[in-house]
Amino acid sequence: MNFRRCLLMGCIVGSAVLNLSCEEALQPDDPVRIGVLFQTSAAFGPHTRGAVHAALIVNSHGGVLGRRVEILVRDDGGRPDTARDAAADLIENEGVVALIGPLTWPTYFSVYDYASQRGIPVIGIDAGGWDRWSQDTAGGGAFSPRPGNERIYRVAARHVSTEGLCARAALLSIPMEGTSSALLVAFEEELQAPTELVYSNGMVPANIFDAEEILGPVRDANPDCVFANAGNDAAWAQLVEGWAEIGGPPVTFYSLRTRLEASRILQELRDPAIVTGNIEVAQLSNEPESAEWNWFVRSQTALFGEPPPQPWTSDFFDATAVTLLAIESAGSTSNFEDALYRVARFDGGAPSVEVPKAASDIPSALSFIRSGKDIDYRGPSGSFDLNPETGRMDDAPISFMEVVDIRTGERRVLHIERD
């Protein structure tokens, strides 16, 4: 599939899980176009399948406002100027009615600055985690579907201190504006004695990895746990493999924000035998796996031939689903920002039917909306309660769920901390 431009027609071959069918009533010449911005050139393209997935389901059940949905994907390059140019192309030349993405704070803000002046809402992916975010995007039409990074970092640091997990904690962060500094500040402020802090700022996405350069300083500091940002299972495999290659001692790697699957990480290793110690990865999650998440994995696997890459695929699904449901609720492809809140959270303002499994039952969600009922969207990422005051998801309770031994796949449950 070409993820630069995905034109979703009203008819698709069905699968046993998705049960997609042809919808004759869709208007073929007047599509509703949604733009998707992401770092597809950095091996993150498959994450945008979440947006495609949601649109396929909507198209197979009447589209929105009787019109076919088209998902148009553009590479933002991880750069503010590239992202802005891509947004301009999608808005001016392609006529998109909403933008989903991009990922980082600088790229998100450059897109928001352009789109908001043209009345186009931007639903950010992982873009709402910085202190100045709400001030700089206070003009409206800005949304982010994820809890704030800084809060997650603070909960992580507090957990290390209260549980006495690490005598020497190390941080490994991707070099994005705001991400690394927020991670360092959170740990400096939250950690208690006798924990010592070691900091290494390195590039850890898939396919860009120099073990000695990135991990050497961490190894030399001799930590007993490492908190790391990494984009997907492939990046985690490179991190784990690199640690073994340079002779790093047994440690626990704590993942910040990423769902991890030990089996997937092992599959990504060039040589699983290189992992000789007990290298564990702790999964930090804001919600435990749910029936919706399990449905999402099964349906993505059926549709695309492999499980969804993490952590952003489900966010793209939810952001797209809520956007399309909001357009249906508003009865218009413009000025539908208020409807985003209406479908994302039950506010009691209309006859109520809560849809706790709207991700796997989008047809019912569409039916309820078309009959004038309110819904409370729940998707594979969990509750999608957009807060009208902040324009992003309400921060959900955060839990350290479990630790997985990369080599054996054995799991042990950690203390669950609610904040």
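Author: Relative accessible area sets the terms: under 20% is buried, over 50% exposed, and in between partly exposed (1.4 Å probe, protein chains only). This is a predicted model, where local features need pLDDT of at least 70, side-chain atom pairs count only at pLDDT 80 or more, and totals for chains, interfaces and linings use all residues. Residues are numbered from 1 along each chain as its sequence is written, and side-chain values use heavy atoms, without hydrogens or water.

Reader: What makes the phi of asparagine 222 worth a remark?

Author: Phi is near 55 degrees, a positive value in a residue other than glycine. Most residues other than glycine have a negative phi. Asparagine 335 also has a positive phi, about 55 degrees. Asparagine 335 lies in the loop between H11 and H12.

Reader: Why does asparagine 335 count as exposed?

Author: Its relative accessibility is 68%, which is over 50%, so asparagine 335 counts as exposed.

Reader: What makes H12 mostly covered?

Author: Of the 8 residues of helix H12 (residues 337-344), 6 are buried. They are Glu337, Ala339, Leu340, Tyr341, Val343 and Ala344. Their cover includes strand S5 (142-143), H11 and helix H13 (362-370). Contact here means heavy atoms within 4.5 Å.

Reader: Which residues of H10 and H11 meet?

Author: Trp293, Trp295, Phe296 and Gln300 in H10 meet Thr313, Ser314 and Phe317 in H11. The contact holds 4 nonpolar residues, 3 polar and no charged.

Reader: How do you know that the span of H10 agrees with its 14 residues?

Author: The expected span is 1.5 Å times one less than the number of residues. For H10 that gives 20 Å, and its end C-alpha atoms are 20 Å apart, so the two agree. Glycine 305 follows H10, with a positive phi near 85 degrees.

Reader: What do the buried residues of H10 pack against?

Author: They pack against helix H1 (49-59), H11 and strand S11 (378-379). Among these buried residues are Glu292, Val297, Ser299 and Phe304.

Reader: Why is arginine 67 called buried?

Author: Its relative accessible area is 16%, under the 20% limit, so arginine 67 is buried. Arginine 67 belongs to strand S2 (residues 67-75). Its side chain reaches the backbone oxygen of aspartate 30 at 2.8 Å. It reaches the backbone oxygen of proline 31 at 3.2 Å.

Reader: What makes the bond from glycine 101 to proline 102 cis?

Author: Omega is near -5 degrees. Most peptide bonds are trans. Proline 102 is in the loop between strand S3 (98-100) and helix H3 (105-116).

Reader: Why does proline 250 count as exposed?

Author: Its relative accessibility is 61%, over the 50% limit, so proline 250 is exposed. Proline 250 is in the loop between helix H8 (233-245) and strand S9 (252-255).

Notes. Helix = DSSP H or I, 4+ residues; strand = E, 2+ residues; numbered from the N terminus. Nonpolar A, V, L, I, M, F, W, Y, C, P; charged D, E, K, R; others polar. Polar contact = N/O pair within 3.5 Å; in protein donor to acceptor, adjacent residues only side chain to side chain.
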